[in-house]
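This briefing covers a sheet, a helix pair, and the cavities and pockets of one protein model. Please look over the sequence and structure before reading on.

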Amino acid sequence: MQKLVYIALGTTLIATACSKQITSTKGIEAKDNQTFADLDQARIKHLSLDIETDFNTHQIKGSAAYTFVNNKAKQLILDTEKLTIDSVLLANGQKTTYKLGEKDSIKGQALLIDVSPNDTIVQVFYKTSPDANALQWLSPQQTHDKKHPFLLSQGQAILTRSWIPIQDTPSVRLTYDAKVKTPKDLLPLTSAINPKEKNAEGVYTFKMPQAIAPYLIALAVGDVQYQPIDNRTGVYAEPGLLKAAAWEFAEMGNMVTAAEKLYGKYPWEQFDVLVLPPSFPFGGMENPRLTFATPTAIVGDRSMTNLIAHELAHSWSGNLVTNSTWDDFWVNEGFTVYFERRIMEELEGKDYADMISVIGFQDLETSMKNIPEKYTSLKVNMTGANPDDAFSDVPYDKGYLFLKMLEDKYGREKFDQFLNQYFSSHAFQTMTTEKFVDYLKANLTNGEDSFVQEWIYNTGWPKDLKKPTSKLFDLAEAQLQQNITNGRNKVAPKKVEISTKSTNEWVHFIRQIDTAKNTKEDLAYLDEIYNFTASKNPEIQTAWYEKAFLLHYDKVNANAKDFLVNVGRRKFLEPLYLALKESNQLDLAKNIYKDARPNYHFVARQTIDTMLNYKP
């Protein structure tokens, strides 16, 4: 009965608050083939969650209430994946009929709710599956402090539908509020206005007043504490990691200031970072107000903080101006990489920005070589495919190179003015590739578009590509060659502390080892000098283990297995399992993966299952 009061009163207020924004559902710019929803007929504008996290059954249970625009619709259609629907109510508390559509291997199932043309509020009572694709339930042993369980969600690209029935497309923008009940010794956090400490009841309320895409609705529950950096930035982490995380990310406030200097006022009020357990599959996820971040960015020298700059840049490109469909993913990521590197140049100088541009280009070269050719263009066609199938460095770094080409062609000052205007004039809107091209021609290039086909729609490398360079990396390459020469001339190895260079320089140093020319004896000599095998820096570990696997330098195997079992970041997993596969060590890869797989998130398992043809 209380929930009926909640929906009748709460969502009426919501509908009133949103009435100025809700006018028509017409004018959707592009059909998103990843959703069952008919947005021309009914489109969600606000979501109210009332849920409880059950760590015993690994389920979320509760209700989701929707305020939606109704354009004479007979059905409100939502996306679901593995959800159990208990009942559906209209605003007056009356039950309405519904059905689940046929199961689709990629999109899940449509939830078709019968409504009248006058209905604008619906409440769905549901529970998630214990193996919901978006959710990862971690045991205490899988966390940093190993004392309490942890729950995290990952909605991008189309996984939010596995923990909330939703119109799961970036074409939709909605506000939301939530009531979350958790065990009393844990703190829940969302992509909304968050608490800074636990309360005695274990019940928390949240509000996200700005409209966001459904993939950005996020939830994490764990034993975490908060440490502010300044008045609008701070870090959440497990108690045993909080001090190190706050030190590593101490420049967050300055990053926000630098970003505002470039492209306008930060639009989300608060920028906090939650450091997750190591199983998190990505470097970071740009959930508004609360970026989710991997602990692998905490390397002790602040040299990997461009990851935080990247997620901050998403506050403009992605969260503020959002790709309309996953065919246009580069509109999010290419702009964000460009913006990230401008932030880091502002804070650390051009030499630092050049280094991360070269590292990104190296990653792009690997992607261009290994992914299907159809996904090497910026604009892709994901009809009938999972958006994750096209995930690679292409939308990130090929997108960055396209924007860098525009900067070089038209000048930085003019390009910055263009980007400022682009973000401000399209704030809280969606963007297709075609709409961006039209805007580009009208506001920067004076109609010139000779490069559009070559850069955006063609596969492969653009003909006028300008490869990034770094003078600091030139020095690292020279050092490597000197080491190799000394080793072959039987010069005694001289111990050198690895911390004498930044992480980026060491990664480049290792990546220049040529597996066609160098040998495992060369690796042994380098290892005696630098002790790479025992490194605790995940960026260095990944680069080193990859070369070691390819050259059968078996000394790393025990350390590498421990790394792969305990770290779930897909950026690190893919090259290492691929190196084992390419060096004819598939049995070793599968043996490691069998032990490691339970610690990985669904999106990482999906990638490595396919790579290794692994069937659990």
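How many residues of the lining of the second largest pocket are nonpolar, how many polar and how many charged? The lining divides into 10 nonpolar, 12 polar and 3 charged residues, where Ala, Val, Leu, Ile, Met, Phe, Trp, Tyr, Cys and Pro count as nonpolar, Asp, Glu, Lys and Arg as charged, and the others, Gly among them, as polar. The model is predicted, with local features needing pLDDT of at least 70 and side-chain atom pairs counting only at pLDDT 80 or more, while totals for chains, interfaces and linings use all residues. Residues are numbered from 1 along each chain as its sequence is written, and side-chain values use heavy atoms, without hydrogens and water.

**Second largest pocket**
- Its volume is about 660 Å³; a pocket is an open set of points on a 1 Å grid over the protein atoms alone, with protein on both sides within 12 Å along at least five of seven lines.
- Of its 25 lining residues, Pro278, Pro295, Thr296, Asn566 and Val567 lie nearest the centre; lining residues have an atom within 4 Å of a point.
- Helix 14 (538–550) and helix 15 (557–566) are the elements that give two or more residues to this lining, and helix 15 has the largest share, with 5 residues.
- Helices (H or I, at least four residues) and strands (E, at least two) are DSSP runs, numbered from the N terminus.

**Cavities**
- There are 4 cavities of 30 Å³ or more; a cavity is a set of grid points where a 1.4 Å probe fits but cannot get out.
- The largest cavity has a volume of about 200 Å³, a volume being the space filled by probe spheres set on points joined across faces, edges and corners.
- Its lining has 16 residues, with Trp326, Phe329, Pro387, Ala390 and Phe391 nearest the centre.
- By class, this lining holds 13 nonpolar, 2 polar and 1 charged residues.

**Helix packing**
- Helix 6 (residues 350–370) packs against helix 11 (residues 471–488) at about 65 degrees, with the axes 8 Å apart; axes are lines fitted to C-alpha atoms over the stretch in contact, and angles run from 0 to 180 degrees between N-to-C directions.
- Asp351, Met355, Val358 and Ile359 of helix 6 meet Lys471, Leu472 and Phe473 of helix 11, contact meaning heavy atoms within 4.5 Å.
- These contact residues comprise 5 nonpolar, no polar and 2 charged.

- An open sheet of 6 strands runs in the order 4-7-2-1-10-12, with mixed pairing; two strands pair if DSSP finds at least two bridges between them.
- Strand 4 (84–90) and strand 12 (203–212) are at the edges with a single partner strand each, so one side of each has no neighbour in the sheet.
- The twist averages 15 degrees from one strand to the next.
- Strand 1 (residues 42–54) and strand 2 (residues 59–70) pair in the antiparallel sense over 12 bridges, and the bridge partner of Asp54 in strand 2 is Gln59.
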